[in-house]
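Please read them beside the coordinates.

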Amino acid sequence: MILLTGGCGFIGSAFLIQWLNEVDEPVVNLDLLTYAGNPGNLASVQDDPRYRFVHGDIADSALVSSLLAKYRPRAVLHFAAESHVDRSISGPLAFAQTNVVGTLKLLDAVLTYWKTLDSAAAAAFRFLHVSTDEVYGSLDPDATGFTEEHRYEPNSPYSASKAASDHFVRAYQHTYSLPTLTTNCSNNYGPRQFPEKLIPLMIHNALHSKPLPVYGDGQQIRDWLHVDDHCRALRVVLDTGRIGETYNIGGRSERSNMAVVKAICQNLDILRPRAGGQPHASLITHVKDRPGHDRRYAIDDSKISGELGWHPSIVFEEGIRQTIQWYLDHEDWVQSVDSGAYRRWAQKHYSAPAESVARAVA
Ligand code: NAD
Ligand code: DAU
């Protein structure tokens, strides 16, 4: 079996659902259920006998060690993180705690477990660390995309914390020979993304005729990667990636923020026209820019495509249409996230992590 961290978040839940649909191997999901962790994301698999949920913190070494000893996973896939740049600007310490200290404690528990494995199991074991292209900093307009050799130049507290976690993963491979893999991917989009991020926020606001807040001039560029393409890439890296290597994953879909917001508006004009007939684009409002805002990210995916044969398959225009349709079809999900209902439910059901841990490990 495999152990996942952060499986109740946006990408972790997409990975878990894809995994259980396409791979017949059990999975344990360790998630703290922060504001971004929604058990409802996994409603479709919660009764699957191959799936176990454990409520807890990656920084709880005793818990992680007990899970590793009990389930003896052949791989750990590390998604858990504080992931939102704007939150890192207003509160960087939580990012250091989860992304740096949490990752380090997780690595240490995994190393101790890995040393107990027999030689065949130890050789087959993998620790896959899911990271971000933001560690490379910002690209000039005509520069080629980030390669794996690009200098680390993190600009936000979020990217600095992810960069630090990448370095610890590297150090654990180099120093202790832990079989690690690191992936650095671009901006994901798709179903079940928390509506603090650009695409779900714009869809949500547009549906409620609220202003669409574009930071600065809106000409910042991101390389949009559909979350299902990303999850397939992670599986390819897990299966065939070379130990100690990093792989950049991108969507081959560079778009300016304004282009993305306009695409959302145009789709909604067709799928859900406004009552008064006004175009959704009339809601676009330029607001104060994000401090230290990176201008452009883009991925050069020649390593993963050339070495491992992966390339993105979902074209942005089709992916964004499907994503918008998903949010239209799941207004109950959006409503529960918006109202905080799922968090109250989680607090009630998981108010005593130690108990749920005891149940899971028993
Ligand atoms: P998310 O914020 O949607 O989910 C994070 C999950 O981690 C939540 O379920 C949360 O409850 C859990 N978590 C947080 N702290 C924890 C802790 N201490 N112990 C256990 N669980 C904890 O994040 P996401 O967008 O799904 O991102 C997943 C990973 O991918 C992150 O490492 C992020 O840095 C990386 N990444 C994300 C993107 C993107 O576009 N979303 C792009 C590149 C890289
Ligand atoms: O590049 C990968 C990264 O992508 C991940 O590592 C992060 O976890 C993920 O959050 C994302 O970071 P960004 O800062 O690029 O994503 P966000 O959705 O917050 O913003 C995307 C762009 O849209 C960015 O240029 C800021 C802008 N923006 C965002 C919001 C929320 C706006 O103009 N208005 C907004 O309201």
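1. Arginine 192 is buried, its relative accessible area being 16% (buried means under 20% relative accessible area, exposed over 50% and partly exposed in between, with a 1.4 Å probe and protein chains only). The model is predicted: local features need pLDDT of at least 70 and side-chain atom pairs count only at pLDDT 80 or more, while totals for chains, interfaces and linings use all residues. Residues are numbered from 1 along each chain as its sequence is written, chains are lettered from A and ligands numbered from 1 in the order in which they are written, and side-chain values use heavy atoms, with hydrogens and water left out.

2. Arginine 192 has a positive phi of about 65° although it is not a glycine. Most residues other than glycine have a negative phi. Arginine 192 is found in the loop between strand E7 (188–189) and H7; helices (H or I, at least four residues) and strands (E, at least two) are DSSP runs, numbered from the N terminus.

3. Is arginine 252 buried or exposed? Arginine 252 is exposed, at a relative accessible area of 52%.

4. Seven of the 10 residues of H7 are buried, so this helix is largely enclosed by the rest of the structure. The buried residues are Ile199, Pro200, Met202, Ile203, His204, Asn205 and Ala206. They pack against E7, E8, helix H9 (257–271), helix H11 (316–329) and helix H12 (331–339), where contact means heavy atoms within 4.5 Å. Just after H7, serine 209 takes a positive phi of about 50°.

5. Ligand 2 is surrounded by 24 residues, and the closest are Ser83, Asp133, Tyr158, Arg290 and His293; a residue is near a molecule if one of its heavy atoms lies within 4 Å of it. The shell divides into 10 nonpolar, eight polar and six charged residues (Ala, Val, Leu, Ile, Met, Phe, Trp, Tyr, Cys and Pro count as nonpolar, Asp, Glu, Lys and Arg as charged, and the others, Gly among them, as polar).

6. An N or O atom in the side chain of arginine 290 is 2.6 Å from an oxygen atom of ligand 2, a polar contact being a pair of N or O atoms within 3.5 Å. The protein covers 95% of the 690 Å² of accessible area that ligand 2 has on its own, by the Shrake-Rupley method with a 1.4 Å probe. Helix H7 (198–207) and strand E8 (212–215) are the elements that give two or more residues to the shell.

Terms used. A polar contact is a pair of N or O atoms within 3.5 Å; within protein, one must be able to donate a hydrogen and the other to accept it, and residues adjacent in sequence count only if both atoms are side-chain atoms.
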